[in-house]
Amino acid sequence: MELGYLQAEHMALLELCHQVTSPAAQRSGAEVGELIAVRSKLNRILIRHLAKEDKHVYPALRASGNGRIATLASQYHAETGHLGDLWADLMKAWPDCRIFQEPEAFRAALRPALEALVDRIQREEQMLYPAYLESQGLSGIGIAPDQASAA
């Protein structure tokens, strides 16, 4: 699995998180249609991204033969693997028509899922992806911690 693609998705996800949660977006009373469009794009990228990680990255790390890396992957997956379910529940609970009626309540409901997403991205970029590269005999790439925390 090419981590560059996953990292590009991380950056896109962080940008979308910022679009939804930035003080400027909230002050401007951004159009509800725009909020729904961002949520939809975030949903598409996130579902695809989590599937790639769950199918390729986490299993490769657990099967790496390196006990430290396998343990790290198992620990991270146990701690952050719930994100897909959390996101699916949120999408089910907030169809477009409800978001149109309660945009600020949607933003509030979205915040914990976005915080969990940013946390997962930070963990993966700082520890998991370098471990993945190590397990493949490659050297590190990653985003700077301040880029991940900017969301």
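At what angle do helix α3 (residues 32-62) and α5 pack, and how far apart are their axes? I looked this up first.

**Entry: ground rules.** I am working from a predicted model, in which local features need pLDDT of at least 70, side-chain atom pairs count only at pLDDT 80 or more, and totals for chains, interfaces and linings use all residues. Residues are numbered from 1 along each chain as its sequence is written, and side-chain values use heavy atoms, with hydrogens and water left out.

**Entry: α3 and α5.** The angle is about 150 degrees and the axes are 11 Å apart. Axes here are lines fitted to C-alpha atoms, for helices over the stretch in contact, and angles run from 0 to 180 degrees between N-to-C directions. α3 and α5 are therefore roughly antiparallel to each other; the classes are under 35 degrees for roughly parallel, over 145 for roughly antiparallel, 65 to 115 for roughly perpendicular, and oblique for the rest. I noted the crossing of α3 and α5 as left-handed, meaning that the near helix is turned anticlockwise from the far one by less than a right angle (clockwise would be right-handed). On the α3 side the contact (heavy atoms within 4.5 Å) is made by R39, L42, N43, L46, I47 and L50. On the α5 side it is made by L83, G84, W87 and M91. By class, the contact of α3 with α5 has 7 nonpolar, 2 polar and 1 charged residues. For these classes, Ala, Val, Leu, Ile, Met, Phe, Trp, Tyr, Cys and Pro count as nonpolar, Asp, Glu, Lys and Arg as charged, and the others, Gly among them, as polar.

**Entry: α3 and α7.** I found an angle of about 30 degrees for this pair, with the axes 11 Å apart. That makes α3 roughly parallel to α7. The α3 and α7 crossing is left-handed. I listed 17 nonpolar, 3 polar and 6 charged residues in the contact of α3 with α7.

**Entry: α4 and α7.** The axes of helix α4 (residues 67-80) and helix α7 (residues 103-135) come within 10 Å and cross at roughly 155 degrees. That makes α4 roughly antiparallel to α7. α4 passes α7 in a left-handed crossing. From α4, the residues in contact include R68, L72 and Y76; from α7, they include D119, R123 and M127. The contact of α4 with α7 has 7 nonpolar, 2 polar and 6 charged residues.

**Entry: L133.** This residue lies in helix α7. Is L133 buried or exposed? L133 is buried, with a relative accessible area of 7%; buried means under 20%, exposed over 50%, and partly exposed in between (1.4 Å probe, protein chains only). L133 and E2 are 131 residues apart in sequence and 9.8 Å apart in space, C-alpha to C-alpha.

**Entry: whole chain.** I counted 8 helices and 0 strands, as DSSP runs numbered from the N terminus (helices H or I, at least four residues; strands E, at least two). Of the 151 residues, 40% count as buried. Residues 24 or more positions apart account for 79% of the contacts with a separation of 6 or more.

**Entry: confidence.** The chain averages a pLDDT of 84, and 85% of the residues score at least 70; pLDDT is the predictor's confidence in each residue, from 0 to 100. Among the elements, helix α8 (residues 145-149) has the lowest mean pLDDT (43) and helix α5 (residues 83-93) the highest (93). pLDDT stays under 50 over residues 142-151, for which the model has 20 contacts beyond four places in sequence. Where pLDDT is low, the predicted coordinates should not be read in detail.
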